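Here is a friendly walk through one protein chain, taken a topic at a time. Keep the 3D view open as you read.

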Amino acid sequence: MPEEEKCQETAAAQESVYRRFLPAELLHMAGTRDDPAEPKSMAAVILNGYITEFKELIHDTPMREVYHLINQTMSFCIPQIVKNNGVIDRFQDAGLSALFMEQMEDGLDAAIGICEEIVRLSEWEHYRNFAIGLCYGLVMVGIVGHGERLSVLTLSPYTRLGEFLCENAPRYYARILAAESYVSKICDFRKRYNCRLLGTFYIRDRECMEKVYDIYDGDEAAVRNKKRKTKMLFEKGVRLFLDRRFGESRTCFIEVLKADRDDRAAREYIYLCDKYSGMTPQEIEAERICLACY
C-alpha cells in the first residue's frame with residue numbers, strides 16, 4: 001500500500017476514534033480554532049438522567065454486570081438524545097447529561113423517549129429508579145487541562161439543579177421532573193404533555209421558589225392512568241398546601257392515597273401537613289413552605 005494511502009487510512013481511523021470518544025460537538029462549540037482559552041456561553045436545556053441507586057448497586061453487583069448495565073443504559077439513552085437534536089455532555093455512572101439548544105421541547109421529548117424505551121425492556125425492573133431531571137439556563141463550554149492533556153468542560157449553576165431533580169424523582173413517585181423555568185418556555189406545555197404540578201422547591205442560591213412538574217408520559221401505563229385520575233385532586237392539595245390551608249390539603253392527599261396507595265408524593269405531603277399543623281403561626285411564618293429545599 002502506498003505511503004500516502006496509509007496516511008489517509010490512519011487519519012480516517014483517528015477521526016473515527018475522535019468522533020466516538022470525544023464530545024466532538026462540544027469541542028466545536030468551545031471554538032478551539034478561535035481562542036481555546038476563552039470559554040463560550042450559551043443557553044441550553046439541561047438533561048440529567050441516571051439510575052439513582054447506582055452507588056448502592058455497584059457494591060452488590062459483579063463489575064462485568066455493572067459495565068453491561070451501563071452500556072445497556074446508554075443503548076436506549078443516546079439514540080433518543082441524538083434523535084431529538086441533543087448533545088452528550090458527559091457520562092456519569094449508569095447515566096449521562098445532555099444539552100439541547102434547538103427546540104425547547106427537544107429535551108422533554110428525549111426524556112419521554114428514554115423512559116418509553118425503559119418500559120419496553122423485558123428487564124425494566126432493573127431501571128425502576130432510573131430518573132430524569134430537566135432545567136434550563138446558561139451553560140459555559142471551555143477547554144481545560146495543560147499541554148497535550150486537554151478536555152472539554154461545561155459549567156453551569158443549573159446542572160446541579162437538574163441532578164437534584166433527578167435524585168429526588170423516585171422519592172416523589174416520578175420518572176421525569178422538570179423545573180417551571182424550563183417548561184414555561186414550551187408552547188402549550190400543559191396541553192401537549194401529561195403532567196401534574198408536583199409542588200415548589202426552594203432554591204437557596206437564588207433565594208426563590210421554583211415550581212416543579214412531574215411529567216408522567218414516560219411512566220408505565222398503570223401509573224400513568226392512576227396519576228391521570230388523581231391529577232385534579234392532587235393539584236388542588238398542592239394549591240391548598242401553598243396557601244397554608246394544611247387541614248384541607250391533608251384531606252385531598254388522603255383521597256389521592258385512597259385511589260393510589262403507591263403515590264409517595266401524596267404521602268410526603270400528608271407528613272408535611274401534619275408537621276405544619278402542629279406549629280404556631282409564628283413558627284410557620286419562619287418556615288419555607290415547600291416540598292424540598294435545594
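## Buried and exposed

A residue is called buried when its relative accessible area is under 20%, exposed when that area is over 50%, and partly exposed in between, using a 1.4 Å probe and protein chains only. By that rule, buried residues make up 48% of the 294 residues in the chain.

A word on where the values come from: this is a predicted model, in which local features need pLDDT of at least 70, side-chain atom pairs count only at pLDDT 80 or more, and totals for chains, interfaces and linings use all residues. Residues are numbered from 1 along each chain as its sequence is written, and side-chain values use heavy atoms, leaving out hydrogens and water.

## The overall build

How many helices and strands does the chain have? There are twelve helices and nine strands. Both are DSSP runs numbered from the N terminus: helices are H or I with at least four residues, and strands are E with at least two.

Contact here means heavy atoms within 4.5 Å. Of the contacts in the chain with a separation of 6 or more, 65% are between residues 24 or more positions apart.

## Helices side by side

Let's look at two helix pairs. Axes are lines fitted to C-alpha atoms, for helices over the stretch in contact, and angles between N-to-C directions run from 0 to 180 degrees. Helix α4 (residues 63-83) and helix α5 (residues 105-120) have axes that come within 9 Å and cross at roughly 150 degrees. Therefore α4 is roughly antiparallel to α5; angles under 35 degrees count as roughly parallel, over 145 as roughly antiparallel, 65 to 115 as roughly perpendicular and the rest as oblique. The crossing of α4 and α5 is right-handed. A crossing gets that name if the near helix is turned clockwise from the far one by less than a right angle, and is left-handed if anticlockwise. On the α4 side, F76, C77, Q80 and I81 meet A110, G113, I114, E117 and I118 in α5.

The second pair is α9 and helix α10 (residues 246-259), whose axes come within 8 Å and cross at roughly 165 degrees. This makes α9 roughly antiparallel to α10. Is their crossing left-handed or right-handed? For α9 and α10 it is left-handed. Residues in this contact include L233, F234 and F241 of α9 and F246, F253 and V256 of α10.

## Rings that pair up

A pair of aromatic rings is described by the distance of the centres and the angle of the planes. Rings of Phe, Tyr and Trp (its six-membered ring) pair if their centres lie within 6.5 Å; planes under 30 degrees apart count as stacked, over 60 as edge-to-face and the rest as tilted. Searching the whole structure finds 14 aromatic pairs. One of them joins F164 and F201, edge-to-face, at 5.8 Å centre to centre with 80 degrees between the planes. This pair links distant parts of the chain, with F164 in helix α6 (residues 157-168) and F201 in strand β7 (residues 195-203), 37 residues apart. Both F164 and F201 are buried.

Another pair brings together F241 and Y276: the ring centres are 5.9 Å apart and the planes are at 50 degrees, so the pair is tilted. Here too distant parts of the chain are linked, since F241 is in helix α9 (residues 221-242) and Y276 is in helix α11 (residues 264-277), 35 residues apart. F241 and Y276 are both buried. They also belong to a cluster in which ring pairs link F234, F241, F246, F253, Y269 and Y276.

## Charges over rings

A charge sits over a ring if NZ of Lys or CZ of Arg is within 6 Å of the ring centre and within 35 degrees of the ring normal. The charged end of R196 sits over the ring of F234, 3.9 Å from its centre. K227 lies over the face of Y173, 4.8 Å from the ring centre.

T200 is in strand β7 and is buried, with a relative accessible area of 7%. The residues R190 touches include Y213, K231 and E235, not counting residues up to four places away in sequence.

I284 lies in helix α12 (residues 281-285) and counts as buried at 12% relative accessibility. The C-alpha atoms of I284 and R244 are separated by 8.8 Å, although these residues are 40 residues apart along the chain.
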